[in-house]
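Colleague: I am new to reading protein models. Could you walk me through one, feature by feature?

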Amino acid sequence: MNAIEVNKVRKVYNQRDVALDGVSFTIKEGESVVILGHNGSGKSTLFRTLTGFEEPTEGSVTLLGREVDPGKRRHLRETRKKVGMVFQAFGLVDNVSVFQNVLFGALGQVKFAPATYSLFASEALRTRAMECLDRVGLAHLSERRADRLSGGQKQRIAIARMLMQDPEIILADEPIASLDPKAGREVMDLLADIAAERNITLLMILHQIPIAKKYADRFIALKNGEVFADNNVSVIDEDFETALFGSEGPKDPPADEKPGSMEQEAKSL
Ligand SMILES: Nc1ncnc2c1ncn2[C@@H]1O[C@H](COP(=O)(O)OP(=O)(O)OP(=O)(O)O)[C@@H](O)[C@H]1O
Ligand SMILES: [Mg+2]
């Protein structure tokens with residue numbers, strides 16, 4: 001089955017700014033795919049349309065066999081439960097414990113509001129939260145406040161939280177852009193291992209070509225809102241990089257870039 005189907009998606013902001021211009025591709029269950037493209041090429045907009053945080057001006061998106069329609073809130077919530085998201089800025093709640101942050105990952109599956117949630121979480125959920133923390137190797141930090149962690153630890157906690165959803169698809173928008181190279185490699189290894197062991201479809205926006213080549217099978221390159229290339233990562237060479245990014249190569253966004261609206265909305269789900 002296809003995990004993700006994007007069909008002629010066009011997204012125009014303010015009736016004039018074309019962010020996506022007829023983007024189509026399909027991704028099979030269990031594939032690892034990286035999205036490449038210059039700043040402003042439409043990568044994050046594409047992610048927001050995949051999850052229904054943005055409605056395409058034209059075209060359609062299907063995740064796990066269900067059409068994504070921002071107008072159908074309940075239907076969309078059901079689909080989103082199966083989609084784990086990882087962001088550059090982690091998206092943890094700073095002033096509560098690591099354990100509570102991970103519990104929040106199950107919020108889509110229960111009726112309580114976040115404030116009362118951890119008080120009422122069942123023993124089964126608590127056990128699962130500890131298992132997810134254990135999977136990312138940070139069970140020993142469960143009682144620590146989330147703002148007292150390193151960047152790499154924060155991202156691993158964000159991954160543990162996402163595992164509470166038991167996702168079938170992981171969307172990671174520049175998951176290592178705020179991390180040093182060592183922490184970045186650890187986070188990438190973790191994401192890749194988890195995706196492989198659970199046959200999760202992994203779609204990542206990455207800026208570093210060597211990382212993309214190491215961790216993805218296939219890439220989709222966007223240029224000015226269009227699919228410029230869709231191929232195996234092995235074909236990426238210097239000439240291709242120059243054609244895609246120009247002679248200066250890919251640029252990371254500033255590390256203090258504000259979290260995108262999808263992250264804020266995801267937090268409030
Ligand atoms: N909410 C918005 N309103 C208007 N224009 C927007 C909005 N969000 C994005 N855009 C525009 O759409 C285009 C694509 O932006 P997008 O954020 O998807 O690019 P990106 O590939 O993720 O870039 P980066 O590498 O800098 O993260 C840009 O020209 C951007 O200015
Ligand atoms: Mg972006």
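We will look at the sheet, then the helix on it, then the ligand.

Modeller: Happy to! Keep in mind that this is a predicted model.

Colleague: How do I read the sheet, and in what order do its strands lie?

Modeller: In general, strands of a sheet pair through backbone hydrogen bonds, either parallel or antiparallel. Here, four strands make an open sheet with antiparallel pairing, in the order S2-S1-S4-S5. Strands S2 (17-28) and S5 (66-67) are at the edges, each with a single partner strand, so one side of each has no neighbour in the sheet.

Colleague: How many bridges join S1 to S2?

Modeller: Nine bridges link S1 (residues 2-13) to S2, and the two run antiparallel. To find the pairing by eye, look for valine 12, which stands opposite valine 18 in S2. Helix H1 (residues 43-50) packs on the sheet, where it touches S1, S2 and strand S4 (58-63). The direction of H1 makes about 120° with that of S1.

Colleague: Now the ligand. Which residues are closest to ligand 1?

Modeller: Ligand 1 is surrounded by 14 residues, and the closest are Asn39, Gly40, Lys43, Ser44 and Thr45. H1 gives the largest share of this shell, four residues. By class, the shell has nine polar, three charged and two nonpolar residues.

Colleague: Which atoms should I look at there?

Modeller: Start with the oxygen atoms of ligand 1: one is 2.9 Å from a polar backbone atom of serine 44, and one lies 3.2 Å from a backbone N or O atom of serine 41. Then find arginine 48, with a side-chain N or O atom 3.3 Å from a nitrogen atom of ligand 1. On its own, ligand 1 has 630 Å² of accessible area, and the protein covers 65% of that.

Note on methods
Residues numbered from 1 in each chain as written. Chains lettered and ligands numbered in written order. Predicted model: local features only at pLDDT ≥ 70, side-chain atom pairs only at ≥ 80, totals over all residues. Heavy atoms only, no water. Pairing = 2+ DSSP bridges. Contact = heavy atoms within 4.5 Å. Axes fitted to C-alpha atoms, helices over the stretch in contact; angles between N-to-C directions. Near = heavy atom within 4 Å. Polar contact = N/O pair within 3.5 Å; in protein donor to acceptor, adjacent residues only side chain to side chain. Areas by Shrake-Rupley, 256 points an atom, 1.4 Å probe, with all protein chains shown as cover. Nonpolar A, V, L, I, M, F, W, Y, C, P; charged D, E, K, R; others polar.
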